[in-house]
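Please keep the sequence and the structure in view while reading.

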Amino acid sequence: MKILFAVSEAIPFAASGGLADVGGSLPRAIRNRGNACRVVMPLYDTIAPQYRERMEFVAEFSVQLSWRRQSCSVYRLTEGGVVYYFLENNYYFQRGKLYGEFDDGERFAFFSKAVLDMLEPAGFIPDIIHCNDWQTALIPTYLNLFYRSRDAYREIGTIFTIHNIQFQGKYGMDMVQDVLGIPPAMQGTVEYDGCCNLMKGAIEQANLVTTVSPTYAVELMDPWFSYGMDRLLREHRAKLSGITNGIDTALYDPVRDPLLPARYSAQDPGSKKVCRREMQKTMGIETNQNPVVAMVTRLTYQKGIDLLRYIFEEMMQLPISFVLLGSGDWDYEQFFLDMQGRYPGRVGVNIGFDAALSRRIYAGADLFLMPSATEPCGLAQMIAMRYGTIPVVRRTGGLRDTVTDAGGGGCGYTFETYNAHDMLGALKRAVADYSDRELWESLIVKAMNQEFGWGHAAAEYINLYHRIADK
């Protein structure tokens, strides 16, 4: 089967979050199961020269977007056995960053149209186009509205994956005709609650819709989680399913990770203590034996930062140290910097993101805190367990699907309600168990033996691809 994976970011080329991990790992897992899976993404100017130098020119064509006509060049690169296509347009993608531009809607409308226009020039007509999040949501819509009459496009199926429903690609209705090029008679394909909503179009027009965990698929039927899309998703419930993401177990491997000061395994986890000591020094906290609680996160409401802020003083009454790596809302950043000043030697904060430091924190911490309000899947809890760091999480979305409580035979600590003291209660249980070295070492081994690779997810996606193609 031939699959084209359309995505706005993929490691190692461009990344802003977990979507890039999926774009860089899932296609390889699908290919390893005997399918011709290729990836298409924009050619950002931020892509490192060592990759750009290896790219081969494939084709050049023009893309019609309403009254605009822009050129597009296609380049090809094979990385990790997977063929990647990069779509180049200097006007749209030489911005010094991936997102956050005033014309993001236009930029990714161009990308979606260009993906469809490139198929014949590139000589790759897929059976399935797998689209991801709002940046590629127009592909199923454009395909059904404008391309089905062409022989090469007649049998192409589409699947749309919602990675985070909060970001839907919402714009004013004036954009539909002027930018998207969708005539008034067809504007209902992207109109939702009086707005132009690109994700709405994909949910309606794609053959199947998935989310990144089974629990998140259920939660999206609830208005509290759906950001207004629950009505539409209930209408299309029959084609919605949830498949839990995996992680790249070769990249996140404490046995071989070159970024760690020492290597260790589930069979011999002793050197985790070396990673712990070095991380404590790096983050400016005392190298004592108290458990280190860590967070590597975006500092936003979604990540449950309000809970932490509410009970931080109570939390610091426990015999713990706390380290944080992340950035986001200014007031959250300032709060943690203030706490670092208030608790010198016990709180270490690094505002920003450093991939190497994040891996040293995953390896060096004892507990990993994720009190998310919502969490479509979450990768951090799986990475933490891969490194033998025990997660403390709220039971929502993918956190519910991947972390089971130590009290029930699992290797994490969970709490149910979005409540600061419930979170603190879970953390207290974890800190109490930490003093039992035999118990704790057994939790480390159990966590490191969890299977979070992409094999299961790839198999489930392949089943969905066949479900579409075999109709």
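Which residues do ring pairs link into a cluster? They are Tyr44, Tyr91, Tyr92, Phe93, Tyr99, Phe108, Phe110, Trp134 and Tyr171. Two rings of Phe, Tyr or Trp (its six-membered ring) pair if their centres lie within 6.5 Å; planes under 30 degrees apart count as stacked, over 60 as edge-to-face and the rest as tilted. The model is predicted, so local features need pLDDT of at least 70 and side-chain atom pairs count only at pLDDT 80 or more, whereas totals for chains, interfaces and linings use all residues. Residues are numbered from 1 along each chain as its sequence is written, and side-chain values use heavy atoms, with hydrogens and water left out.

A search of the whole structure finds 30 aromatic pairs. In one of them, the ring centres of Phe312 and Phe336 are 6.3 Å apart and the planes stand at 75°, which makes the pair edge-to-face. Phe312 belongs to helix H12 (residues 305–315) and Phe336 to helix H13 (residues 330–342), so this pair ties together parts that are 24 residues apart in sequence. Helices (H or I, at least four residues) and strands (E, at least two) are DSSP runs, numbered from the N terminus. Both Phe312 and Phe336 are buried; buried means under 20% relative accessible area, exposed over 50%, and partly exposed in between (1.4 Å probe, protein chains only).

Phe312 also forms an aromatic pair with Tyr343, and this one is tilted, with 6.4 Å from centre to centre and 55° between the planes. Because Phe312 lies in helix H12 and Tyr343 in the loop between H13 and strand E15 (347–351), the pair ties together parts that are 31 residues apart in sequence. Phe312 has a relative accessibility of 1% and therefore counts as buried. Tyr343 is buried as well, with a relative accessible area of 16%.

Rings can also have charges over them. A charge sits over a ring if NZ of Lys or CZ of Arg is within 6 Å of the ring centre and within 35 degrees of the ring normal. Arg95 lies over the face of Tyr91, 5.3 Å from the ring centre. Likewise, the charged end of Arg437 sits over the ring of Tyr434, at 4.6 Å from its centre.

The next topic is the pairing of strands. Two strands pair if DSSP finds at least two bridges between them. Strand E3 (residues 56–65) and strand E4 (residues 68–79) run antiparallel and are joined by nine bridges. Within this pairing, Gln64 has Arg69 in E4 as its bridge partner. The hairpin of E3 and E4 has two residues between the strands, and Ser66 there takes a positive phi near 55°. E4 also pairs with strand E5 (residues 82–88), in the antiparallel sense, over seven bridges. Here Tyr75 stands opposite Phe86 in E5. The hairpin of E4 and E5 likewise has two residues between the strands, with Gly80 taking a positive phi near 60°.

How many salt bridges does a search of the whole structure find? The search finds 24, where a salt bridge is a side-chain nitrogen of Lys or Arg within 4 Å of a carboxyl oxygen of Asp or Glu. One of them joins Glu79 to Arg54, whose closest N and O atoms are 3.0 Å apart. Since Glu79 lies in strand E4 and Arg54 in the loop between helix H2 (49–52) and E3, the pair ties together parts that are 25 residues apart in sequence. Glu79 is partly exposed, with a relative accessible area of 23%, and Arg54 is partly exposed at 40%.

Arg342 forms a salt bridge with Glu313, with 2.2 Å between the closest N and O atoms. This pair links distant parts of the chain, as Arg342 lies in helix H13 and Glu313 in helix H12, 29 residues apart. At 52% relative accessibility, Arg342 counts as exposed, whereas Glu313, at 32%, counts as partly exposed.
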